[in-house]
Amino acid sequence: MHGATSLRPARVVEGAVSSAAGIPGLLASPVPHDKELCDSLRTLDAPAIAALLERLAFHRLDGLAHRAVGRLPQDSVDPWLRSALKRRAQRLAAATLSQALALAEVLDALERSRIPVVVMRGLRSVESIYGDPSLRPFEDHDLLVLSAARVAAGSALRRSGFDEAAGGLFRRGGVLVDLHTDPLGARRRPSRHLLFPVPVRDLFERAAPGLVAGAPALLLEPEDDLLLLAIHLVKHSFDRLVRTADVAHFLYLNRGALDWTILARRAESWGSSRLLGWALRAAATLGVCVRPLDLAPAGDPGVLERYLMGRVLAQRTISGTGEFLMALAAPTFRARVLFLLDALWPRSERPRGVLARTSALPRRVFDLAGGGLRQAAERRRLR
């Protein structure tokens with residue numbers, strides 16, 4: 001990345017949706033592409049519509065697709081496609097509102113215990129990026145608290161009827177709360193913090209009091225929000241288009257509010273400049289481009305980076321892409337090896353004792369290979 005002092009003023013501009021993103025990309029883009037969308041949808045027969053609906057469900061784009069087709073003339077969209085998307089959006093809205101009630105209860109409980117909390121992604125993204133409960137599905141509530149408040153926060157959740165299913169993971173019926181003391185899951189995979197040292201206390205000090213689900217929470221600065229969304233996208237290997245849509249919609253919504261110099265400095269201090277550049281390149285496939293892209297990694301990318309990002313931009317991501325890209329951002333070869341080992345076999349999942357670990361290693365390799373093949377097959381089927 002170029003030094004922050006030499007960073008040219010950047011701006012967010014509209015562009016074309018990548019042909020590789022296809023109809024899902026047109027539906028997910030924050031920039032309307034109604035003519036292209038109409039022309040593409042008119043070519044679909046019944047089997048192709050069924051396949052499209054399956055792809056949208058995989059990429060979690062049902063709500064965004066419903067909004068996009070709602071802009072189109074009635075006769076330009078197959079009635080089955082329109083009604084199917086409407087039903088899915090209605091179910092999503094109902095689920096989101098139900099989850100919002102539960103989250104408000106949790107946030108109120110933490111407020112009574114005087115525990116500052118940041119809501120990451122999930123409902124926070126629904127409210128701040130999309131502004132509509134039917135547009136963005138999510139599975140759990142990722143809550144960030146300071147390390148010193150973790151025990152007290154867990155106690156507050158248990159008093160609210162939650163059981164701790166695993167380390168930091170609390171469940172009550174259909175409500176799942178993932179309690180974090182760092183935004184990258186470094187408690188479960190410590191090497192992440194070594195490569196990407198996100199200063200959690202600084203996040204809290206910069207955050208402003210606000211509301212999520214109508215309950216008190218801290219709201220991060222937009223530069224911090226964008227960096228965390230970008231890292232989250234890479235961490236999950238660009239697996240579903242909705243995560244790319246999160247970055248693209250955030251950029252488009254905040255195009256006049258982002259301070260690019262601050263963003264560059266924080267990305268550099270977090271060790272995440274390359275990750276941010278990769279995320280911005282992915283967002284450009286949905287028609288939202290940053291010009292000039294001075295935040296992209298400086299220098300000639302290596303063969304592996306070019307290959308992996310080529311697959312990402314072609315919507316042909318392979319399993320483990322995120323872990324390998326994050327390892328490439330490591331400053332030394334030793335750090336890369338330690339990161340990959342931690343990613344492929346987290347310390348918390350390794351048996352104790354050298355003999356036990358040695359005997360378990362073949363099974364671990366078999367499980368990873370099988371899982372990768374299954375994911376690859378699923379993505380090929382839904383391409």
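Is Leu276 buried or exposed, and at what relative accessibility? Leu276 counts as buried, because its relative accessibility is 1%. Buried here means under 20% relative accessible area, exposed means over 50%, and partly exposed is in between, with a 1.4 Å probe and protein chains only. Leu276 sits in helix α13.

Before I go on, the conventions. This is a predicted model, in which local features need pLDDT of at least 70 and side-chain atom pairs count only at pLDDT 80 or more, while totals for chains, interfaces and linings use all residues. Residues are numbered from 1 along each chain as its sequence is written, and side-chain values use heavy atoms, with hydrogens and water left out.

Now the overall picture. The chain has 383 residues, of which 53% count as buried. Its secondary structure comes to 17 helices and nine strands. Helices (H or I, at least four residues) and strands (E, at least two) are DSSP runs, numbered from the N terminus. Among the contacts in the chain with a separation of 6 or more, 70% are between residues 24 or more positions apart. Contact means heavy atoms within 4.5 Å.

Helix α10 covers residues 222-235 and packs with helix α11, residues 241-253, at an angle of about 160°, the axes being 9 Å apart. The axes are lines fitted to C-alpha atoms, for helices over the stretch in contact, and angles run from 0 to 180 degrees between N-to-C directions. The two helices, α10 and α11, are therefore roughly antiparallel. On that scale, angles under 35 degrees count as roughly parallel, over 145 as roughly antiparallel, 65 to 115 as roughly perpendicular and the rest as oblique. The crossing of α10 and α11 is left-handed. That term applies if the near helix is turned anticlockwise from the far one by less than a right angle, and right-handed applies if clockwise.

Which residues of α10 and α11 make the contact? From α10 they are Pro222, Asp225, Leu226, Leu229, Ala230, His232 and Leu233, and from α11 they are Arg243, Thr244, Asp246, Val247, Phe250 and Leu251. By class that gives eight nonpolar, two polar and three charged residues. Ala, Val, Leu, Ile, Met, Phe, Trp, Tyr, Cys and Pro count as nonpolar, Asp, Glu, Lys and Arg as charged, and the others, Gly among them, as polar.

The loop between α10 and α11 contains Ser237. Phi of Ser237 is near 60°, a positive value in a residue other than glycine. Ser237 counts as buried, because its relative accessibility is 11%.

Next, salt bridges. The structure holds 16 of them. A salt bridge is a side-chain nitrogen of Lys or Arg within 4 Å of a carboxyl oxygen of Asp or Glu. Asp225 of the α10 contact also forms one with Arg124, at 4.0 Å from N to O. Asp225 is in helix α10 and Arg124 in helix α6, residues 122-130, so the pair links distant parts of the chain, 101 residues apart. Both Asp225 and Arg124 are buried.

Asp224, also in α10, pairs with Arg266 of helix α12, residues 260-269, and these partners are 42 residues apart. The N to O distance in the salt bridge of Arg266 and Asp224 is 3.2 Å. Arg266 and Asp224 are buried.

Glu221 forms a salt bridge with Arg206, with the closest N and O atoms 4.0 Å apart. Glu221 lies in the loop between β8 (215-219) and α10, and Arg206 in helix α9 (residues 200-206), so the pair ties together parts that are 15 residues apart in sequence. Glu221, at 26% relative accessibility, counts as partly exposed, and Arg206, at 23%, counts as partly exposed. Arg206, Glu221, Asp224 and Arg266 are linked in a network of salt bridges.

Back to α13, the helix of Leu276. Helix α13 (residues 273-284) packs with helix α14 (residues 303-313) at about 35°, and their axes are 10 Å apart. The crossing of α13 and α14 is right-handed. Arg274, Trp278, Arg281 and Ala282 of α13 and Glu305, Met309 and Leu313 of α14 make the contact. Four of these residues are nonpolar, none polar and three charged.

Last, α4. The buried residues of α4 are Asp62, Gly63, Leu64, Ala65, Ala68 and Val69. They pack against α1 (22-28), α2 (34-41), α3, α5 (79-112), α6 and α11. In the loop between α3 (46-58) and α4 (62-70) lies Arg60, with a positive phi near 60° in a residue other than glycine.
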